[in-house]
Structures are given as C-alpha cells and as structure tokens.
Amino acid sequence: MFGLEALDLARIQFAFTISFHILFPAITIGLASYLAVLEGLWLKTHNDTYRDLYHFWSKIFAVNFGMGVVSGLVMAYQFGTNWSRFSDFAGSVTGPLLTYEVLTAFFLEAGFLGVMLFGWNKVGRKLHFFATVMVAIGTLISTFWILASNSWMQTPQGFEIVNGQVIPTDWFAIVFNPSFPYRLMHMATAAFVATAFFVGSSAAWHLLRGKDNPAIRTMLSMAMWMALIVAPIQAVIGDFHGLNTLEHQPAKIAAIEGHWENKGDEATPLILFGWPDMKEEKTKFAVEIPYLGSLILTHSLDKQVPALKEFAPEDRPNSTIVFWSFRVMVGLGFLMIFTGLWSLWLRKRDSLYTSRPFLYLALWMGPSGLIAILAGWFTTEIGRQPWVVYGLMRTADASSNHSFMQMSITLIMFVVVYFALFGAGLGYMMRLVRKGPKTDEGKETNDGGPGQKRTPARPLSAADDDGAEADHSPSLTKEI
C-alpha cells in the first residue's frame, strides 16, 4: 500500500507515538520550573497573585504529567516489540541509561509529586516549596538521561562490539558523548521557551476576552520576559549544535541545507527555499544567498560545506523532509525572538496588556514552541537515517520481523486510541486553561499557604463548579 513496507510502518508508528509523547514532557519540564519560581516568589513577597497562579498551573501540570507518563510507557515497550534487533544490539547501553532515568528522575518526581499536589494544606511552607523544587529538578534529570541515550545513538563512543553486540567500556564517554551537551541544552531550553509561549498564549486569550486582573497580567509579563531572554539564547545554542552536527554527521547537514555538490573552490551558498529532489539529486526552485552557507556553518567565507553527492545514495538522509522541518523550526524561532522584542517595546510604552495586535500574535504563538520541538526532532531523527545507531547499525537491520498486516493493524489501533485518550486529556487541559486562575479581588483574603483556607488541596479542582469548596483541613505544621 502506497509503496510502504513493514519497516516503513514501524518507523511511522514510532514517529507517531513519540510525537505525541514529546509534547507532554516538554510542557512538564517548563511548568515544573515555572511552579517552583511562582512558589518561591510567593514565599518571598507574600503576593497572593503568585499563589493563585501556582494553584492554577499546578492543576494543568498534573494532567500533563499524567499523560506524559502514560505515553512514555508505550515508547519503552516499542523497543522490545518493534525494534527487538536494536535492543539486542545496543540494549547494554540504552537499557542502563533508561534505568538510571527511572531510578533517579522518576523516583524523585514520584516521591515529591504527591507532596507538591496534595500537601499544600498538610505540610509546612518550606517543605512544600522543597517538594516543588525537587519535582522540577527531577524533570531536568529525566531530560539528562533520555538525551544521553538518544545522543549516544547519534554520536556513539565508549564501547566495543563483541559477537555482534555493543559492550560498554567507558560509561563517562557513553553519557558525555560529543553531541550530548549541545542536545541537552537545546532540548531543555526548547522546553522552557515552549512553556513560556503556552503560558503567554493563555494570558492573551483571557485579556482579549476582557478578563484583566493582576494574575493574568503577571502570566503574560513573565512569559514575555522568558521569550525575550531565552529565545535568542536558544538561537545561539542552535548554532553551536549545528557546528557539532557538521563535525560528526556531515550528511545530515548536507540534507538540511539541500546542498548537493560543491563547485570548484566556490563558497557554499545558503538555500533559503527550494524543493530537494532525491531522485534527480538537485534542489529545484532554489532561492540562494551566496557565501552565507559557508559563513553560518564554517564561520568563514571560503570554506565549503559537505555536499550530498559526496555520500553514497544509500547513506543519504531524506533531504526533502529535513530541509523543510529545519526551516519550520528556524522560522518559528525567529518569530519567537520577534515576539519577545515586540513585547519589550510595548512594555516601555505601557501597552503590553492592551495592544490587541500583539495579544493576537501571542495567542497564535501558543503552540509555536511545541511545533518547533516536533520539527526539530524530525530533523534530528530523520536526518540520522539510514542509521539507528549512527555508523554502526542501519534502521533496516534494527526492526523486528513483523508482517505488513501486523504493523498496519497496530498502527491503526495506536492512532485511534491516542486520539481518543490524549485528545480527551488535551481537551480537559484546555478547559482548565479557559477557566483561568481563581482570585478573590475585592474580598478579604489571608496569606494562604499550608493550613490556610481558600487554597485547593485537589490538583484538578479547577474544573469543578465555581461554588466548589476547597479542602480546609488543618496543616500538620506551619513551618519546618
């Protein structure tokens, strides 16, 4: 069907499930740190706005965290079901790395998550803040191990091959492989930026509908400060990541650039747009800027970038896909930087919260970070092809011996179940976002916090009716 084989369906199935999964950890990483900052600011300033925002976003975090855990379990099973030959070949490296993630990050998150979500009225303020910080740290440790495993597949080292299997010889070299630092910084920063635009979009939605209060304004302000500062940093990290990729995976860079051949000693141009044709081995309708490809990738005006024709046809990534996925990622990155700069200009003019054109842009930019993450992952993973472990094992040799019919049935089942299950979860999460943070403007309030009233103890209570009562159970202690 459509010229696809069982291997193609296995790749599509893995791409489909990981595309769903990666969205949830990205928001989890960003929201966990955001919650830690909100609670820290509340403890320092006693400003109820930060407390209200903490309770609001902790509910969304809880839903997102749950969906991330469920979708992540499927990924682990697929290594054994659809990619058993890969597991047999490299399992002695990837298995321990994923185990370390469970033993360090997941146990840390799970251990403190209950205190964070249910302990607001049960423990002291400092202990609760400590639990929130531990959950945030846990998400970053999880990112560390997952990226270590994936980066090793991109730039493997610290091993030897014995009887057709990878045997670790240097765990430090395995974990801190050449691409790992760049990929870790790039992914963690992407999660923070994606969360910032998610939060900013939520605030813009409420402001456009006339819900203007200190909590909503604080959401937008903090999100735009993050965009202004972190989006340009992400661009710099991306440049360093590109230079690292050029050194270790030149075929991927050639595919991303849609660059087929060098002409004499001419510098490499940058192809802004075009259509790389894998059969005709050229990029059609190319719009080029002379010298710029060499300047960006080699930081010189005379050095050349490796071309696709320098690699055997069977060793070339699909340039048609990665050429455009990379440009989607970069284009959205520039839009994020522009949004941050515009917010600064409006902030100086005291119109950040009232400029409707800007608020519409912030609203539309809500999913931009997540789309950019997906585009970046497509670029990274498809650009690695035809290797599953770069230079060591081809993707065609890594899959299990399943039939086309088996892969077709399971792929259809995944699509139906994922859209039903996670579609409902995303719908519920959007319902929480539309409800907005609860505030008690014009009413007598207290300091809130553990042991105080009007602080919800149930992480999903934002979806209740407005008249629902919060848990007023007494705290065990006011302070540690």
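I take buried as under 20% relative accessible area, exposed as over 50%, and partly exposed as in between (1.4 Å probe, protein chains only).

The model is predicted: local features need pLDDT of at least 70, side-chain atom pairs count only at pLDDT 80 or more, and totals for chains, interfaces and linings use all residues. Residues are numbered from 1 along each chain as its sequence is written, and side-chain values use heavy atoms, with hydrogens and water left out.

Entry on salt bridges. I looked up the total and found 10 salt bridges in the structure. I count a salt bridge when a side-chain nitrogen of Lys or Arg is within 4 Å of a carboxyl oxygen of Asp or Glu.

Entry on aspartate 48. I find aspartate 48 paired with arginine 51, with 3.2 Å between the closest N and O atoms. Both residues lie in helix H2 (residues 48–81), three residues apart, about one turn of the helix. Helices are DSSP runs of H or I with at least four residues, numbered from the N terminus. I note that aspartate 48 is buried at 18% relative accessibility, and arginine 51 is buried at 1%.

Entry on the network. I find Asp277, Glu280, Lys282 and Lys284 linked by salt bridges. Lysine 284 meets aspartate 277 at 3.1 Å, N to O. Aspartate 277 counts as buried at 14% relative accessibility, whereas lysine 284 is partly exposed at 24%. Glutamate 280 meets lysine 282 at 3.8 Å, N to O. I record glutamate 280 as partly exposed at 45% relative accessibility, and lysine 282 as partly exposed at 41%.

Note on methods: Helices (H or I, at least four residues) and strands (E, at least two) are DSSP runs, numbered from the N terminus.
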